[in-house]
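Dear colleague,

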Amino acid sequence: DGFPFSPPFDPPMEPEKRLAAGEEIKAKGNALFKEGKLDAAVLKYDKCLRYVDAYPPLDGDAARAGRLACHLNSGICHLKEGRQKQCVAACGRALEIDAGSVKGLFRKGCAHRQLGEYEMAIEALEKAAGLDGEDEAIKKELAKAEKELKKYRYGW
């Protein structure tokens, strides 16, 4: 992407330039995700966050949206790579930004289910279903979590 590991501090990079650099870095992460290079994509999302969160952290809708997207995208990368705990953490950070993020709740619920944390999975998935009751993937994942919880509790 041509940008240093973190934004320069002396002299400091202008906020508009940091935001633009972060967007460009995130776009490179998205391209890597589409190529199936998930670990490389996560590194780009982390780098984007370094640019947006460097002192002083950027604020405003664009910076907030960039942070949210990076955490959500990192979450799906971790989930696809079988790193459920990292997915839960990334989605938790996304949900701190937007508690109503259906993607964040869904991915967090999927990760909890895969970890065998069925009650937490059901909680997240029920919240997601409450926000988007038409999403079939949410309904299916919620049904799986409920079934696995019953099997875990009752053995059937």
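Predicted model: local features only at pLDDT ≥ 70, side-chain atom pairs only at ≥ 80, totals over all residues.

Cysteines. The whole structure was searched for disulfides, and zero were found. The cysteine sulfur closest to that of Cys77 belongs to Cys87, at 9.8 Å, which is too far for a bond.

Aromatic rings. The count comes to two aromatic pairs. One of them joins Phe3 and Tyr51, whose ring centres are 6.0 Å apart; their planes stand at 70 degrees, so the pair is edge-to-face. Phe3 belongs to the segment before helix 1 (15-34) and Tyr51 to helix 2 (residues 38-53), so the contact ties together parts 48 residues apart in sequence. Phe3 is partly exposed, at 22% relative accessible area, whereas Tyr51 is buried, at 0%.

Tyr118 and Tyr152 also form a pair: the centres of their rings are 6.0 Å apart and the planes lie at 55 degrees, so this pair is tilted. Tyr118 is in helix 6 (residues 118-131) and Tyr152 in helix 7 (residues 136-154), so that distant parts of the chain, 34 residues apart, are linked. Tyr118 is buried, at 14% relative accessible area, while Tyr152 is exposed, at 64%.

Charge and ring. The charged end of Arg50 is placed over the ring of Phe5, at 3.6 Å from the ring centre.

With kind regards

Notes
Residues numbered from 1 in each chain as written. Heavy atoms only, no water. Disulfide = S-S within 2.5 Å. Phe/Tyr/Trp six-rings, centres within 6.5 Å; stacked < 30°, edge-to-face > 60°. Helix = DSSP H or I, 4+ residues; strand = E, 2+ residues; numbered from the N terminus. Buried < 20%, exposed > 50% of the residue type's maximum accessible area, 1.4 Å probe, protein only. Lys NZ or Arg CZ within 6 Å of the ring centre and 35° of its normal.
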